[in-house]
Each structure stands twice: as structure tokens, then as C-alpha cells.
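Let's walk through this model together, one neighbourhood at a time. Have the sequence and the structure at hand as you read.

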Amino acid sequence: MAANMATQPSSPLQVPIFLTAGFRFFFLAAGLFSVFAMSAWIVWLAVHDLGGAFVSEPMSMPLHMWHGHEMIFGYTAAVMAGFFLTAVPNWTGAPSARALFVTLAGSIWLAGRFAIWFSAHLDPYLVAAIDLAFIPLLSTKIAGNLFKKTQLRNVIFMGLLIALFTGNLLMHLEWTGWSDDTATSGARLGLFTSAAMIVIIGGRVVPGFTKNALNRSGYSGRLPETHPLVDRIAILSAVLAALASAFSLPEVLMGVICLVAGSANLLRVLRWRGALTWREPILWILHLAFAMLAVSYMAFAAAFLGLAPGEIAALHLMAIGAVGGMTLAMMTRASLGHTGRALVVAKPIACAYAAILVAALVRAFGPDFIGYYAAMYISGGLWIGGFTAYLWTYLPILAGQRVDGRG
């Protein structure tokens with residue numbers, strides 16, 4: 001018996017399923033981190049609301065800057081990584097990222113979150129080096145795939161990833177003492193860059209997904225329409241808004257750019273026949289999140305042109321409603337499709353979609369009606385509830401086998 005055991009080959013090391021694909025790790029990590037980050041933010045607010053204060057805080061930057069940084073360069077960057085590591089191989093026919101790369105990239109992303117959280121106890125240059133490493137690594141992988149099969153319309157994503165990296169760099173330049181006031185510009189650049197990616201990607205997939213669904217249902221009326229000139233204006237103005245957000249341009253000019261971006265993208269989404277999708281949450285969330293993106297650009301325009309008291313409402317319409325709503329929509333849809341499941345979301349996910357959209361409205365307009373802290377608690381609670389529902393529903397999907405037997 002001992003001899004037989006000695007001749008048996010050793011079992012190969014099993015890689016956890018959630019490390020076998022970019023979307024599995026990063027969509028799961030994004031959900032977990034979004035709940036943690038929002039919970040930490042709400043706890044901090046509650047302590048101050050009750051008149052208390054923390055003796056010390058683990059991060060070196062003001063907590064509101066930590067909150068903004070981590071929702072953009074932590075949560076949103078993770079969703080982008082999962083999306084690009086899945087979509088780019090489909091676009092180019094290149095092999096998907098192997099488990100080794102997913103593990104490496106995921107480890108660097110996670111190290112960045114720990115470095116930022118414990119930045120009060122670390123050298124700021126070390127924090128910057130760790131946190132800034134993720135996007136270049138991701139970009140190198142994406143570029144290697146894109147240039148194997150050049151698709152000019154997708155090269156723009158490399159420029160946007162550079163802009164996203166620059167926004168993060170601007171924040172760290174202030175935190176390391178190299179600049180006096182670039183963190184706010186960096187956060188704004190990161191947010192507007194994320195919005196520009198949604199303008200491009202959403203403009204491709206929302207009308208396409210809607211048209212396919214209507215055709216499958218036997219609908220014979222007018223289908224979603226796109227107009228090349230309107231699409232170009234929408235994309236160009238969104239990219240210009242992102243680039244301009246990093247500089248101290250006259251507010252009137254920023255207002256005009258945002259007004260064009262908002263108007264063009266609102267015209268786009270109105271032509272996509274979103275009213276016909278009300279029975280399918282996996283579709284109506286795409287339309288509503290994109291509509292909120294268009295409205296947020298117009299709200300920024302109103303703020304920059306002096307027609308609104310400030311840009312806080314616009315910022316949260318864009319960050320929560322547009323970016324939060326669209327990223328949740330894409331994670332839930334892509335996870336179903338890439339694990340061999342039908343593109344139908346469970347009822348808790350439909351509720352999660354609604355929770356994120358309502359959270360955006362409450363955070364943007366609630367302080368004027370129900371008070372600052374009440375609006376923050378309700379909005380934050382809706383976000384946490386929505387992403388908790390996502391994690392509860394999608395943990396077995398992202399960490400489990402495909403259901404169609406394809407591996």
C-alpha cells in the first residue's frame with residue numbers, strides 16, 4: 001500500500017475560481033470594498049454628528065478626501081479592471097488574463113487600499129508608489145492586447161487610463177508635499193474621466209443591448225437610434241470636460257463644455273427607447289444611469305455658470321447615480337453572461353439598482369430638505385444596502401463554476 005501511495009502523482013495546486021478571471025476577482029473586490037468604504041465614511045460622520053471625535057485616524061489625509069479618493073481610485077478602478085480584463089480579449093481575440101496576472105494585479109490593488117487606509121503610519125512616498133502602481137500595470141496588459149489587433153476606436157481608452165492615473169498622481173502630489181492644492185483637481189479629473197468612459201462604453205452597449213432585447217421580444221416598432229454626429233459631440237465634450245477639470249479654466253468655459261456634454265448625451269439616451277425596457281431591470285438601469293449622467297453634466301454646467309449654488313449636487317449625481325449605477329449594472333450583467341447564465345437579474349438586484357439611484361437623489365438634494373446628516377445616513381444606507389444585496393446574490397456566481405459546463 002505504501003508503494004502504491006508513493007507512485008501516485010501529487011494533486012496539482014487548485015487555483016481558487018475567483019482568481020481565474022479578471023471580472024470574478026475585481027467585481028467581487030469592488031463590491032466588498034464599496035460596502036467597507038461607505039460604512040467607514042458613515043461611522044465617521046455619525047461620530048462627528050454626535051459631537052465626538054476620533055483620538056487618531058489611520059489615514060493621513062482628511063477623511064472626506066479619503067472617501068472621494070477611494071470611491072474613484074479604489075472602487076471604480078476595480079470595476080474598470082474587471083471590465084477591461086474581460087472585454088478587451090473579446091474585442092481583440094487575445095487570450096484572457098491568466099490567474100497569475102489576476103492575482104498580481106489584485107494584490108497590488110489591495111495593497112493600495114491598505115496603504116491609503118494606514119497612510120498616517122507610512123511614508124507618503126511609499127503610499128504613493130504602492131497606490132499609483134495599479135493603473136500602469138493594468139494599462140500595460142490592456143495595451144498589449146489592443147495593439148495585437150489594433151482597433152482605433154478602442155485606443156481612446158488608453159488615453160483615458162492615463163488621465164485616470166494623472167488624477168491619482170495629482171492627489172498624491174499634494175499629499176507628499178510636492179504641490180499645495182492639486183488633490184481636489186485630481187479627484188475631479190478621476191470622476192470626469194470615469195464619466196467619459198461611461199459616455200463611450202454606454203453609448204455602444206445601451207442601444208445595442210436594448211435593440212437585441214426588443215428584437216427577441218418580437219417588438220416591431222421603432223428601435224433605438226444613434227446619430228454619428230451627436231455621438232461624436234457627446235464623446236468629444238465628455239473627454240474635454242475630463243481634461244479641462246484638471247486645470248483652473250474659467251468657470252464659464254467649463255460650464256459651456258458641460259452643457260454641451262449634458263445636452264448631447266441626453267439627446268442620445270432619449271433616442272434609445274428606454275421607456276420600453278420597464279419590465280427588464282437589467283436594461284432600465286442602464287438607461288436611467290446614463291440619463292443621470294447627462295443630467296449631472298447639466299447640473300455641473302448650472303453650477304459653473306452661476307445658476308446653482310455649488311457643484312456638490314452635480315458631483316454626487318455623477319458619482320453615485322451615473323458611475324455607481326452604471327458600474328453596478330455592468331457588473332451584474334457581465335457576471336451573468338460570462339458564467340453562462342441567463343441575462344435576468346434577481347429581485348434583490350432590481351431593488352439594488354433602485355437603491356443606488358435613490359441614494360444619488362437623496363445625497364444631491366436631501367440636505368436642503370431633511371438636513372445634511374439625515375441625507376448622508378439615508379444615502380449611505382441605500383448604497384450599503386444595494387451593494388450588500390449585490391454581494392449576497394453574486395458571491396456564489398463569481399466564486400462558482402459556470403453553469404453551462406464550459407469551464
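**A buried threonine and its surroundings**

Thr-210 is buried, with a relative accessible area of 0%; here buried means under 20% relative accessible area, exposed means over 50%, and partly exposed is in between, with a 1.4 Å probe and protein chains only. Before going further, please keep in mind that this is a predicted model, in which local features need pLDDT of at least 70 and side-chain atom pairs count only at pLDDT 80 or more, while totals for chains, interfaces and linings use all residues. Residues are numbered from 1 along each chain as its sequence is written, and side-chain values use heavy atoms, with hydrogens and water left out.

Thr-210 belongs to helix α8 (residues 183-217); helices are DSSP runs of H or I with at least four residues, strands are runs of E with at least two, and both are numbered from the N terminus. If we set aside neighbours within four places in sequence, Thr-210 is in contact with Pro-224, Trp-272, Arg-273, Thr-277, Leu-283 and His-287, where contact means heavy atoms within 4.5 Å.

Arg-273 deserves a look of its own. Arg-273 sits in the loop between α10 (251-270) and α11 (281-304), and is partly exposed, with a relative accessible area of 22%. The phi of Arg-273 is near 60°, a positive value in a residue other than glycine.

Now turn to helix α2 (residues 22-49). Its 28 residues reach 40 Å from the first C-alpha to the last, close to the 40 Å expected at 1.5 Å a residue; the expected span is 1.5 Å times one less than the number of residues. Helix α2 is mostly covered, with 20 of its 28 residues buried. After α2 comes Gly-51, with a positive phi near 85°.

What is the angle at which α2 packs against helix α12 (residues 312-337)? The angle is about 145°, and the axes are 11 Å apart; axes are lines fitted to C-alpha atoms, for helices over the stretch in contact, and angles run from 0 to 180 degrees between N-to-C directions. Phe-23, Phe-27 and Ala-30 of α2 meet Met-330, Met-331, Ala-334 and Ser-335 of α12 in this contact.

Our last stop is another helix pair. The axes of α4 (residues 99-117) and α5 (residues 124-132) come within 8 Å and cross at roughly 150°. That makes α4 roughly antiparallel to α5, since angles over 145 degrees count as roughly antiparallel.

Technical notes: Parallel < 35°, antiparallel > 145°, perpendicular 65-115°, else oblique.
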